[in-house]
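Welcome, and thanks for taking a look at this one with us. Please open the sequence and the model side by side, and then follow the notes below.

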Amino acid sequence: MTLADDIERWTWHKGRFEELFGTRDDGRFVERWPIGKSLAVLLSFDMQADVDAAAGWSSHPNAFWDSGAVNFCDASMRLYDAREGLARVLRILDKYHAPATFMFCGMTVEWYPELAKEVLGAGHEIGVHGHRHVKLCNLTPDEELEELTLATNAVREVVGDRPLGWRSPLYSVTDRTLDLLRDLGYAWHSDFHDQDFPYVLTKDNKPVVEIPPGHDDWPQYLIYTGPGSPIMGGNPYGTSDGVLSTMKAEFDMLYEESRTAPRVFNWAMHPKISGRPYAAAVLDRLLAYIVAHEGVWIATANEVASLA
Ligand SMILES: [Zn+2]
């Protein structure tokens, strides 16, 4: 086989990204950026509750023990956001008057509408994070359309408005997802990790803003979820100090760069992880550090996407 033949068989080629997802451009963010602000801080929280345990057959192999019995340790861990984590995260955000974006699964708002209402009542916004929290990449085209439609309708029902933002469960975006989101009227999508700063993907004259998720607290705290693993017990947790110093370094670098052009700090979290006391302390300390800086804009994804 020649080298050219081998490259032909590769799964990915430069140019394929824009072919699939749309032509990339910078949008008008910089010219429309609020005066006096240099660095936007985008905090997002994926809210699944125990819906992702129920969907374990496709997303989380550790939903079951080796015997096939339901892993109730895992299922109960996944409910931590609904029972404790969300309230703690909301309390900390309120302490710093920090608005945030919460990405709810459709089934999560159906099972726990009161949580979505609490989030909205506290002045935050809600985006969509799949319906059943299954990986989109495992679905047929028809199933993916149904998944997105059910999720969108469920969130619209509780929020009262058309949702504007989407993040796929486990970032499992497919080559169809952005087209479906355009058809469903979404303004922004949040699965790609190729920039810190948002950008625009336009296909068939329909733009969608990409709001990069940034770091994800799940791997940062090393929550290991391998098959049969009794998670939340005996695993090598990332330390509070380690995550705090990482995120401070992230902030410091972007803050320095924001002196010459607007920049965005993104952090994707889960109230079931970052709502645990040792991790919530990191969020608390990081926000205290952030708000002590001039020119910081703690923004929501809808606000930033509206500048495109
Ligand atoms: Zn998720």
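Helices here are DSSP runs of H or I with at least four residues, and strands are runs of E with at least two, numbered from the N terminus. On that basis the protein chain has 15 helices and 11 strands. Please keep in mind that this is a predicted model.

**The chain as a whole**

- For 308 residues, a compact globule would have a radius of gyration near 19 Å, and the 19 Å of the protein chain agrees with that.
- Taken along the principal axes, the C-alpha atoms fill a box of roughly 55 × 55 × 45 Å.
- Of the 308 residues, 54% count as buried.
- Among contacts with a separation of 6 or more, 71% come from residues 24 or more positions apart.

**The zinc site**

- Three residues coordinate the zinc ion, at 1.9 to 2.1 Å: Gln48 through OE1, His129 through NE2 and His133 through NE2.
- Along the sequence, the spacing of these donor residues reads Q-x80-H-x3-H.
- Distant parts of the chain are linked here, since Gln48 sits in the loop between β2 and α4 (51-54), while His133 sits in the loop between β4 (125-128) and α9 (141-159), 85 residues apart.
- Gln48 and His133 are both buried.
- Water is not among the atoms, so the site may look incomplete.

**Helix α12**

- Helix α12 covers residues 240-257, and at 1.5 Å a residue its 18 residues should span 26 Å; the end C-alpha atoms are 26 Å apart, which agrees.
- Its buried residues are Ser240, Val243, Leu244, Met247, Phe251, Leu254 and Tyr255.
- These residues cover an arc of only 105 degrees around the axis, so they lie on the same side of α12.
- What do the buried residues of α12 pack against? Their partners are β2 (39-47), β9 (215-216), α11 (217-220), β10 (263-269), α14 (277-291) and β11 (296-299).

**Helix α9**

- With 19 residues, α9 reaches 27 Å from its first C-alpha to its last, close to the 27 Å expected at 1.5 Å a residue.
- The buried residues of α9 are Glu144, Glu147, Leu148, Ala151, Thr152, Ala154, Val155 and Val158.
- An arc of only 165 degrees around the axis holds them, which puts them on the same side of α9.
- On the face turned away from that buried side, α9 carries the exposed residues Asp142 and Glu157.
- The buried residues of α9 pack against β3 (101-104), α7 (106-111), α8 (113-121), β4, β5 (165-166) and α10.
- Just after α9 comes Gly160, with a positive phi of about 90 degrees.

**Cysteines**

- How many disulfides does a search of the whole structure find? The search finds zero.
- For Cys137, the closest cysteine sulfur is that of Cys105, and at 15 Å it is too far for a bond.
- Cys137 has a relative accessible area of 47%, so it counts as partly exposed.
- Cys73 is also partly exposed, at 34% relative accessibility.

- Ala49 has a positive phi, near 55 degrees, and is found in the loop between β2 and α4.
- With a relative accessible area of 0%, Ala49 is buried.
- His97 has a positive phi near 50 degrees and lies in the loop between α6 (80-95) and β3.
- Is His97 buried or exposed? His97 is exposed, with a relative accessible area of 70%.

**Two residues and their contacts**

- Leu178 lies in helix α10, residues 177-183, and is buried, with a relative accessible area of 0%.
- Leaving aside neighbours within four places in sequence, Leu178 is in contact with Phe21, Val173, His189, Phe192 and Leu201.
- Leu178 and Phe21 are 157 residues apart along the chain, yet their C-alpha atoms are separated by 6.2 Å.
- Ala75 lies in helix α5, residues 72-78, and beyond neighbours within four places in sequence, Ala75 is in contact with Asp50 and Ala53.
- The C-alpha atoms of Ala75 and Leu39, 36 residues apart along the chain, are separated by 38 Å.

How values were computed
Residues are numbered from 1 along each chain as its sequence is written. This is a predicted model: local features need pLDDT of at least 70, side-chain atom pairs count only at pLDDT 80 or more; totals for chains, interfaces and linings use all residues. Side-chain values use heavy atoms; hydrogens and water are left out. The expected span of a helix is 1.5 Å times one less than its number of residues. Buried means under 20% relative accessible area, exposed over 50%, partly exposed in between (1.4 Å probe, protein chains only). The arc is that of the directions from the helix axis to the C-beta atoms. Contact means heavy atoms within 4.5 Å. Donors are N, O and S atoms within 2.8 Å of the metal (3.2 Å for Na, K and Ca); water is not among the atoms, so sites may look incomplete. A disulfide is a pair of cysteine sulfur atoms within 2.5 Å. The radius of gyration is taken over C-alpha atoms; the globule rule is 2.2 Å times the number of residues to the power 0.38.
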